Amino acid sequence: MTGVQGLSVLTPQGRKILDGVDLDLRPGSVTALIGPSGSGKSTLAQALVGHLGPGLRRTAGTVEVRGHDPFTASGRAQIRGRLAGYLPQDPASALDPRRRVLAQLLTAARTAHPKTGREHRNQLVRTAIATASFDPNLLRRHPAQLSGGQAQRALLAWTFVTRPGLLILDEPTSGLDPGTAAQVQAAFTTLPWQPAVLVISHDHDLVAARADQILELDDGHRRVPAASPKLRQPQAITLGSRPRSVVLEASGIVIERGGRRLLDDVTLTVGTAEMIAVQGISGSGKTSLARALCGFAPPARGTLRVHGTQINWDAAVRARRRQPFIAYVGQDALAALNPHETVRRTLHRAMNAAARAGRPAGADPISDLALPQDVLDRTPARLSGGQRHRVALARALASAPDVLVCDETTAALDATTTSHILDALDGWREKHRTPMVLITHTPSVAARAGRVLTITGGRLR
Amino acid sequence: MSGLRRWVFALPVGAVVTVAVIGPWLAPGSITAPVGRPFEPGGTAHLLGTDVLGRDVLARVLAGGRTLVLQAIAATLLGSLAGLSVGIGTARTCHRRTAAAGQRAVDAFAAVPAVLVLLLAASGSAGSDVVVAVAITAVSIPFSVRIIHERTSRLITTDYVCDARARGESGWAVIRYDLLPGIAPVALAEGGIRFVAATQLAATAGFLGLGAGAPTANWGRMVRENSTGLNANPLPVIVPAVLLVVLAVGMSALLDRLAVERAGGLEQTGQLA
């Protein structure tokens, strides 16, 4: 039997993250876990593999996975990598950066099925990557050479390789375009060995179409699921009547990856206070484009002008020469935040940096982004996945960028929070006239942008 | 990490360092004048007996640790400081050639045997304890630089460091907030290993008769001087040797503990309290 009885988890300050939660996971059924950002979803999922975040304490309740207790050392050894497969929220941080994907999948196969032959393990890996819609041509790559969505599917393949009786998927489709997301959903709900699946998702279509039971968490309590909240009717906001001048102008961008041309002669212009959305299937080069614009990975060719002056492709050089700052809010919020510092200091430093570089200081972004005030004294490890994304966004806003690029910032957030953040971005745009580029898979988010561009076959249209 | 476990490691180290540092003031009687026949066993008159020249072993043990411990501590601290500055500096610099040249120079220096450096330095200015400390520092710097450089170049490519540099934060702020907290556990563990090496080298220097000359007491030299009388009175060899081992092992274990704590400790496993 697999499940949780009366589980209560407390923070060091005594706040209840989970309060007497019961959960029964039956083989072959899909359980959806929903609830607002920070409501304890990931804590509950991690408890199933015997992990608690830093400082958290279990005060009551039991957890059982096929008769093993994950809170004992021997139980954990049985459960992790064997009885349970876990897909974490920030997939790029979860893969070993120094080993190729294939090597990692074979290791997973050997851990879970130690007595099988090499041929059988290869077969397991082939089946798993096909089920996870992972392109076999990417097997020889290192994780850093994968896009966010590809890394997510590589990890999904990892969990399929082990053929676990319990499959825990934390936002499994957040980095995927709608087509691939549908394939992946179909895959993990129809697995031949009939595992119990626990899926955390903000995707209401996924939850409604695929889940056999829905568990909604609200502030650590189990709640009877209400009708799913709908995103506010999407509407593109046209701001003001002032003439819109071009702020960012990128032309002739060529980006190459692994000898292949990922983007070919891409041109992009963004005007004052304009918000544009960039779409494209997983692995089409959206993040590469964003990182190039923000000065983290220079393209092979291309020029970039901001306010008419050409600027350097290296962010550190831009800062040294006092050129405009293009802020990047990345896909992997765990990697983007310094694990050693509190949110308060992160934001404080960002504001200082803005003042130092002579950019106008922005307002306090914390309340704008619907973050509770008590996150200020926490380190990233003590934030929920959605909170981390919002802190990364708050840091970018606090440093008063000339252009803001957001890469899937709302993918890990529930509909209400997403809509709140988009409102905050609109407010910011109106006040500071900052142009914004949103990279998103979600059509309802893209609908809020003034223009929607799509990357197809290396071109941006 | 419970406070108790930390004390278990801190106590012996603290005791040895205290004995070494305040010992010379506590030494009963002269450390150079003979008080009996050579290698008298310990007794009521002389707690640890006498050494090869009939001098009081207790007095010499108390007097013989200060130089050695201070040499080891100074060499470790100076080595860490130099290692941190050069390691972080070469990892951060944009001038690749300067960084590569610095690395090669450090590697070349690491290839020179430590004892050779000690002998050369000591023969240059004989009888100086400070020169011995400087030589030990110089010998240990290359290892520190390598490890700190490796760790820093890993941290410097993380998204949060890239972001801080893109925002236009000062180099000092990036080092203070983004790099040092990540380097600290490594630097502590590495400092522990170097302290063991520095203690050994300081004892070797005493053993070889480098630094302050013969009549002064030195734990390292005591081991050599009195090894001939192990059968009659083993204490003048065993006591300084044990003190050296406790100091070296205890200090590296203590720094390891601190490093684990800095790194956030082990994984929480949710045992009911």
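Hi everyone, thanks for coming. Please keep in mind that what you see is a predicted model.

Let's start with the fold of chain B. How many helices and strands does chain B have? There are ten helices and zero strands, so if you walk along the sequence you read α-α-α-α-α-α-α-α-α-α. The C-alpha trace of chain B spans about 75 × 60 × 30 Å along its principal axes. Chain B has 273 residues, and 44% of them count as buried. Now look at contacts in chain B with a separation of 6 or more: 71% of these are between residues 24 or more positions apart.

Next, the interface. Here 23 residues of chain B are in contact with 29 residues of chain A. Which elements of chain B give two or more residues to that side? They are α7 (159-167) and α8 (171-207). The largest share, seven residues, comes from α7(B). By class, the side of chain B that touches chain A has eight nonpolar, eight polar and seven charged residues.

Finally, the cores. The largest nonpolar core has 135 residues, and C294(A) and V405(A) touch the most other members. Helix α8(B) gives the largest share of this core, 13 residues. Do zoom in on C294(A): leaving out residues up to four places away in sequence, C294(A) touches A315(A), I326(A), A327(A), Y328(A), V405(A) and, over in chain B, A166(B). Another core, of 67 residues, lies apart from the largest one, and its members include A151(A), L156(A), I168(A) and F188(A).

That's my tour, and I'm happy to take questions!

How values were computed: Residues numbered from 1 in each chain as written. Chains lettered and ligands numbered in written order. Predicted model: local features only at pLDDT ≥ 70, side-chain atom pairs only at ≥ 80, totals over all residues. Helix = DSSP H or I, 4+ residues; strand = E, 2+ residues; numbered from the N terminus. Buried ≥ 20, exposed ≤ 12 C-beta atoms within 10 Å, placed from the backbone. Contact = placed C-beta atoms within 7 Å. Nonpolar A, V, L, I, M, F, W, Y, C, P; charged D, E, K, R; others polar. Core = buried A, V, L, I, M, F, W, Y, C linked by C-beta atoms within 7 Å.
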